[in-house]
Amino acid sequence: MRNPTIADRWAHAMPTLALTLLAWTAVQAAEGPDAAQAAYSRKGADTCLGCHDDAALMGIFRTPHGRPGDARGPFGHGQLQCEACHGPGDLHARTKGDKKPPVIRFGRKAGTPVAVQNQQCLACHRDTTAHWAGNAHAANDVSCADCHRSHTAEDPVRQVASQPAVCVSCHLEQRGNLLKPSHHPLAEGRMGCTSCHAAHGSTAQAALNKETTTALCTSCHTEYRGPFLWEHAPVTEDCAICHEPHGSTQPALLKTRPPFLCQQCHEASGHPAATYSPDRLPGGGGPPGGAYLVAGGCVNCHSQVHGSNHPSGSKLMR
Amino acid sequence: MSSRTLLGITIAALLAAAAAQADEAAPPDTSNWKCESCPFAKGYVAEATLGVIDPRQANATYGRYTGLDRSHLDADVDARGNWRDDSGRYAEYRLDDLGLDSRTGRVTYGQDGKFAVSLSYSGLPHRVYDTTVTPYTSAGSPTLPTGWVAAGATAGMTDLAASLARVDVGTIRKTAGLDVRGVLGAGFTVFGSVTHETKRGNDIVGMPFLVQSAQVAAALDYQTDTVEAGLAWTGHGASARLAFSDSKFKDAWAAMGIQNPFLPLVPSATRGVLALPPDNDARGVNLIASSALPANSSASLSLSYTELRQDAALLPSSTLPGATVPGAFDGKVNLAHYAATLGSRPLNGLSLHGRIAYDQRTDDSTPLTIAQVITDEAPGATLTTPRYNYDRLRLDGGADYRLRKWLSVGIGGDRLNTDRTMQVAKRTEDGRSWVRLRLAPLESLSITLKGGAAHRDASGIDLSLLPPNENPLMSIFYLSNRDRDFFEADAAWTPTETVSVGLKSFLANDDYRRSTLGLLSGHERRIDGTLGWTPSDHLSFYADGGYQKRDTLQDGAFSAAAAIWQALIRDQYSNLGVGGRYAVKRWDFAVDYSHALSTGNSTVGTIGTLGSFPELRTRYDSATFSVGYALSTALSVRLRYAYQNYASDDWALDNIGPATVPNLLSLAAPASAYNVNLLALSFTYRFGERPAAKD
């Protein structure tokens with residue numbers, strides 16, 4: 001008898017895996033909401049609005065969810081209206097007093113498990129949430145309603161100016177970064193976190209909107225896209241090698257000030273290897289060296305640090 | 001049992017599982033669901049704001065990104081509105097900051113569930129300096145005044161003081177766009193967009209002439225035109241999206257000739273030419289697909305391919321007589337990205353997620369071998385243009401399991417293998433693993449603790465790829481062996497319905513364990529907190545703050561021996577914010593205060609005799625008070641006062657005049673500072689009616 005190949009081993013393992021998945025699914029179905037007892041209301045939203053008619057909830061009719069002309073939306077023809085998101089509500093509507101069985105509710109304190117909440121949203125919004133399941137927000141049990149307000153006319157997280165405030169309510173470390181001396185224009189309301197990050201997940205590092213950091217940065221800073229005749233290796237690889245995109249206390253979002261940043265890679269004999277001590281500042285009494293330290297530091301001369309298209313630009317000075 | 005039989009069983013079981021997953025209760029008969037009480041939006045609703053803004057003592061730094069960079073009255077003009085009819089047709093517009101360079105606008109016409117067409121515009125001013133000075137005239141082709149006295153050092157430029165004129169440094173980015181989206185039915189949507197973006201202004205450019213340099217406010221005139229089109233499909237539990245894009249960048253200035261203000265070291269080098277960013281083109285195609293799987297699982301994939309092209313004509317290799325163009329450059333880089341993700345919650349309390357991504361950069365540009373002329377003056381080595389390629393494989397994943405209602409444990413990790421060409425380390429392998437505990441000792445309190453370690457190993461070291469004269473002991477920090485340990489903790493506590501508290505901290509230690517020169521270690525600490533109190537729907541308060549500290553240590557040497565000098569850099573940053581809002585009847589009050597302070601201390605020198613640079617310091621304080629009053633249901637007025645103070649000490653900029661450094665003719669860019677009082681008064685009028693609703 002021949003020895004089993006890898007293909008044979010896979011072929012034997014896969015049925016076991018598949019049957020296990022089937023068993024899990026059956027268990028899940030058995031443990032899930034009691035569909036047999038759940039029933040939808042008889043009149044849809046007219047039933048719900050008999051009680052839930054406060055102004056805060058009525059805001060939904062000024063959102064894309066409240067459009068009767070959109071056949072895909074919850075209020076489109078033949079759709080389930082309020083119960084499209086909140087689930088079957090007949091029993092909830094017919095029960096009086098404090099013993100009303102809950103419908104699906106949204107938010108951190110809603111009582112409905114986050115996975116159930118999110119499933120309601122994901123069932124329709126697959127187009128913008130393709131990578132949700134493998135995303136850090138999903139892994140950290142973030143619910144859609146932690147960020148989104150579906151009953152307000154303008155969802156703050158979908159407005160560029162108000163979006164950062166929503167994101168930093170969890171990403172506390174970024175709140176301070178907004179005010180650093182060098183920053184992207186988030187505090188000024190001209191850019192949102194989603195200008196760079198895919199909050200619903202992506203296949204890139206740090207849920208970036210583009211495949212790589214460099215591809216993302218050069219989608220706005222197109223002048224650095226290249227390819228240049230003479231390239232600077234880290235620029236081709238990852239802008240974040242030198243820059244802090246969330247804000248920096250150094251100019252131009254740099255991690256460290258030149259010449260020290262540059263000297264973390266360049267130590268060639270001559271001026272790159274020199275000691276740039278404080279006595280080399282103008283009037284410092286040491287050997288001349290101001291041109292390497294003040295104004296732009298190294299970029300006083302190596303101004304084409306992102307790449308040069310000059311035939312003699314190997315040192316990124318032309 | 002044969003492999004084919006087993007495969008058949010596999011497919012049948014998976015299909016059965018999928019069918020079981022898809023089995024749902026039959027939908028109800030909704031034909032009688034009229035929703036007669038639903039206040040669907042229709043008609044015309046709009047509001048317009050008109051007012052004045054008076055930013056006293058504003059300057060470029062204060063007004064970067066907003067356009068409030070001059071001390072004069074600006075108009076505060078905003079408008080927004082929408083119209084809808086019963087058939088779902090609608091038109092919307094939103095126009096903000098029309099009186100400022102930062103104006104934005106979007107106008108959309110469409111029909112619900114059918115199509116939408118939008119036109120948009122945005123301006124983004126980024127003024128940097130408004131006090132910089134230069135002897136050069138014409139930012140497009142910087143020229144020195146007639147009779148300029150060149151000298152070996154700035155002190156000898158006798159015409160300098162008389163020739164200095166103010167030049168602003170900064171840019172404005174303007175973007176106009178057209179977006180179209182159409183619903184085709186059967187889950188298909190077609191979309192497309194066209195954007196036209198310009199970026200114009202001045203930027204600081206250093207123009208070196210061997211050991212001397214001049215800073216120039218060089219004109220910048222960029223244009224980027226991008227077209228994107230695609231098709232998306234959404235089905236039951238699955239989606240796909242295919243998009244094509246083409247982005248063309250054009251630079252109106254292919255090159256810039258700049259006069260040498262110094263006595264040229266080579267007699268004919270009275271002028272240098274700078275090559276500016278060349279025109280380029282990026283074309284790409286991207287496919288994203290996702291599908292629900294059995295056992296509460298979902299998978300997605302992303303495939304993309306981008307081609308970058310650039311073939312701008314090259315300049316002569318110098319301005320020296322007889323210099324020639326060394327050939328033509330046909331730049332072509334291919335970027336590929338293939339990735340898949342998987343998320344699963346197969347059992348109650350268990351969640352799994354994983355991702356695999358492969359990125360490849362292939363530079364197919366033809367290398368050129370060119371005899372270098374350093375800064376248009378001195379002959380240099382003959383070098384071949386290096387083309388940098390990489391292959392990156394990234395795997396990451398994690399699992400969380402809820403052991404108890406109040407306790408979850410998670411593990412995870414990632415691995416990144418990068419293979420490069422033309423760089424000193426042919427391969428780096430990054431690995432990271434972590435453990436996480438989530439505790440919820442009270443219903444109102446959750447605590448997350450996460451800690452782990454990471455390492456990077458570099459291999460395939462080829463010292464022949466180091467740049468000429470590079471010290472072989474130098475470790476390029478992103479290609480070096482590194483150990484990292486990290487720990488983070490965060491807590492969220494809502495002790496009452498009206499109070500919420502958040503706390504987050506992070507620490508990491510980096511050790512470049514085998515580096516002799518270069519970055520040796522780094523330490524980072526962060527702690528941030530927030531407090532919110534909302535005693536009623538009308539009243540709310542908040543407070544937040546944070547502190548960050550980062551230390552790095554690096555060594556250097558003049559020769560291939562032990563370290564000779566050292567730099568210890570310590571950056572600290574803290575921020576604080578408090579504020580509140582109160583809205584009652586016709587009144588609406590808001591007050592906010594923000595404070596941020598950064599310091600940077602660099603201690604540098606020969607090992608054993610380190611000296612300290614003056615402290616880098618910035619301080620930002622901002623206080624805002626606004627009050628709104630509803631004069632009627634349609635008309636409201638708002639008064640806003642803002643005070644903002646910014647002060648900074650920067651040894652690289654303070655007291656650096658055009659001639660302070662003998663071999664640097666600088667623009668005398670100052671460290672940023674301002675002290676602005678802003679007063680704004682605006683009236684907002686609302687047109688149309690809102691849907692009726694109970695308060």
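Some conventions come first. Residues are numbered from 1 along each chain as its sequence is written, and chains are lettered from A and ligands numbered from 1 in the order in which they are written. Since the model is predicted, local features need pLDDT of at least 70 and side-chain atom pairs count only at pLDDT 80 or more, while totals for chains, interfaces and linings use all residues.

On confidence, the model scores ipTM 0.93 and pTM 0.92. pLDDT is the predictor's confidence in each residue, from 0 to 100. Chain B averages 93 on that scale, and 95% of its residues score at least 70. Two stretches of chain B stay under 50. One is residues 13-23, with 20 contacts beyond four places in sequence; another is residues 691-695, with 13 such contacts. A contact here means that the C-beta atoms of two residues, placed from the backbone, lie within 7 Å. Where pLDDT is low, the predicted coordinates should not be read in detail.

Now chain A. It has 13 helices and zero strands. Helices (H or I, at least four residues) and strands (E, at least two) are DSSP runs, numbered from the N terminus. Of the 318 residues in chain A, 50% are buried. Buried means that 20 or more other C-beta atoms lie within 10 Å of the residue's own; exposed means 12 or fewer, and partly exposed is in between, with C-beta atoms placed from the backbone. Among the chain A contacts with a separation of 6 or more, 45% join residues 24 or more positions apart.

Which residues of helix H11 of chain A are buried? They are Thr213(A), Thr214(A), Ala215(A), Leu216(A), Cys217(A) and Thr218(A). That is six of the eight residues in H11(A), which spans 213-220, so the helix is largely enclosed by the rest of the structure. The cover over those buried residues includes helix H12 (233-237) of chain A and strand E16 (331-347) of chain B.

Ser182(A) sits in the loop between helix H10 (172-177) and H11 of chain A. It counts as partly exposed because it has 16 C-beta neighbours inside 10 Å. Its C-alpha is 5.6 Å from that of Gly247(A), although the two are 65 residues apart in sequence. Beyond four places in sequence, Ser182(A) touches Gly247(A), Ser248(A), Gln250(A), Pro251(A), Ala252(A) and Leu253(A).

The domain assignment, which is automatic or from a database, gives chain A domain 1 (42-153), domain 2 (155-195) and domain 3 (226-300). The centres of domains 2 and 3 of chain A, taken over C-alpha atoms, are 29 Å apart. Eight residues of domain 2 of chain A contact nine residues of domain 3 of chain A. On the domain 2 side, two of the residues are nonpolar, five polar and one charged. In this count Ala, Val, Leu, Ile, Met, Phe, Trp, Tyr, Cys and Pro are nonpolar, Asp, Glu, Lys and Arg are charged, and the others, Gly among them, are polar.

A nonpolar core is a set of buried Ala, Val, Leu, Ile, Met, Phe, Trp, Tyr and Cys residues joined through C-beta atoms within 7 Å. The largest one has 88 residues, and those touching the most other members include Val294(A), Val216(B) and Ile476(B). Strand E10 (residues 212-235) of chain B gives the largest share, six residues. Leaving aside neighbours within four places in sequence, Ile476(B) contacts Cys265(A), Val424(B) and Gly518(B). A second, separate core of 15 residues includes Tyr40(A), Ile60(A), Leu80(A) and Ala84(A).

Last, strands in chain B. Strands pair if DSSP finds at least two bridges between them. E28(B) (539-556) and E29(B) (565-584) run antiparallel, joined by 18 bridges, with Thr552(B) opposite Ile569(B). E29(B) also pairs antiparallel with E30(B) (587-606), over 20 bridges, and Tyr582(B) stands opposite Phe589(B) there. The E29(B)-E30(B) hairpin has two residues between the strands, and Lys585(B) in the turn has a positive phi of about 50°.
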